[in-house]
Amino acid sequence: FFCNGILRMPDLAEKPHLALCEALDGRGDWGPWSRGVVGAFRGSLKSSICTVGFPLKQALYKQNWACRIIGASFENIKLNSNAKIRAYFESGSAHADWLHWLYADRIPEDLKGWNDRQIDFVRSDPLAFPSLPFRGMESAQESWHGECGLIDDPAGAAAEKKLNVNVDAK
């Protein structure tokens with residue numbers, strides 16, 4: 001419901017998207033999990049659901065929850081995750097206004113703490129990690145003790161993609 005009803009992500013269908021969302025929520029056929037890998041064909045909206053929808057929902061609904069999102073490069077993850085999440089709240093549209101109203105207790109005034117490297121929701125614990133920090137694989141990675149770590153497209157968008165691999169995966 002969050003990706004479709006709240007974020008209004010286009011092109012979501014019951015299969016395979018509902019099963020993926022339920023699994024990420026711990027309600028799916030995969031059972032409870034603490035680690036996982038989502039492998040799906042290019043264009044299946046896995047990044048939209050897994051590196052935009054899932055961490056955003058968790059950060060909005062779970063106080064002090066933190067998830068580091070890592071991409072092939074900082075520029076890649078900034079464009080494909082950080083900018084997409086920020087666009088939901090920064091656009092000045094009726095939808096952004098509605099999200100600000102809906103999550104008024106979680107969104108900091110003037111989006112304080114939001115920049116290219118992190119999105120930080122209101123926290124009750126001053127020592128909690130920022131909600132959604134973004135890093136590239138080339139970044140110096142200090143230890144991470146947040147609730148979640150996501151790696152999206154570690155090979156990068158510029159990596160060679162072979163059509164026959166996608167065709168065979170059908």
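Analyst: Buried means under 20% relative accessible area. The model is a predicted one. In β1, Cys-67, Ile-69 and Gly-71 point one way and Arg-68 and Ile-70 the other way, and all are buried.

User: What makes β1 mostly covered?

Analyst: Five of the five residues of β1 are buried. Each therefore falls under 20% relative accessible area, and the description of β1 as mostly covered follows from that count.

User: Why do the side chains of a regular strand point to two faces?

Analyst: In a regular strand, side chains alternate between the two faces of the sheet. β1 has Arg-68 and Ile-70 on one side, with Cys-67, Ile-69 and Gly-71 on the other.

User: How do you know that β1 and β4 pair, and what of β1 and β3?

Analyst: Pairing requires at least two bridges. β1 and β4 have five bridges, in the parallel sense, and β1 and β3 have three, also parallel; both pairs therefore meet the requirement of at least two. Ile-70 has Ile-151 as its bridge partner in β4 and stands opposite Arg-135 in β3.

User: What makes the largest nonpolar core a core, and which members touch the most others?

Analyst: The term applies because its members are buried residues of listed types, such as Leu, Phe and Tyr, joined through side-chain atoms within 4.5 Å. This core has 34 residues, and Leu-56, Tyr-88, Phe-89, Phe-121 and Leu-132 touch the most other members. Elements that each supply at least two residues include α3, α4 and β1; α3 gives the most, with seven.

User: Which residues does Tyr-88 touch beyond four places in sequence?

Analyst: Tyr-88 touches Leu-7, Met-9, Val-52, Leu-56, His-95, Ala-96 and Leu-99.

How values were computed:
Residues numbered from 1 in each chain as written. Predicted model: local features only at pLDDT ≥ 70, side-chain atom pairs only at ≥ 80, totals over all residues. Heavy atoms only, no water. Buried < 20%, exposed > 50% of the residue type's maximum accessible area, 1.4 Å probe, protein only. Helix = DSSP H or I, 4+ residues; strand = E, 2+ residues; numbered from the N terminus. Contact = heavy atoms within 4.5 Å.
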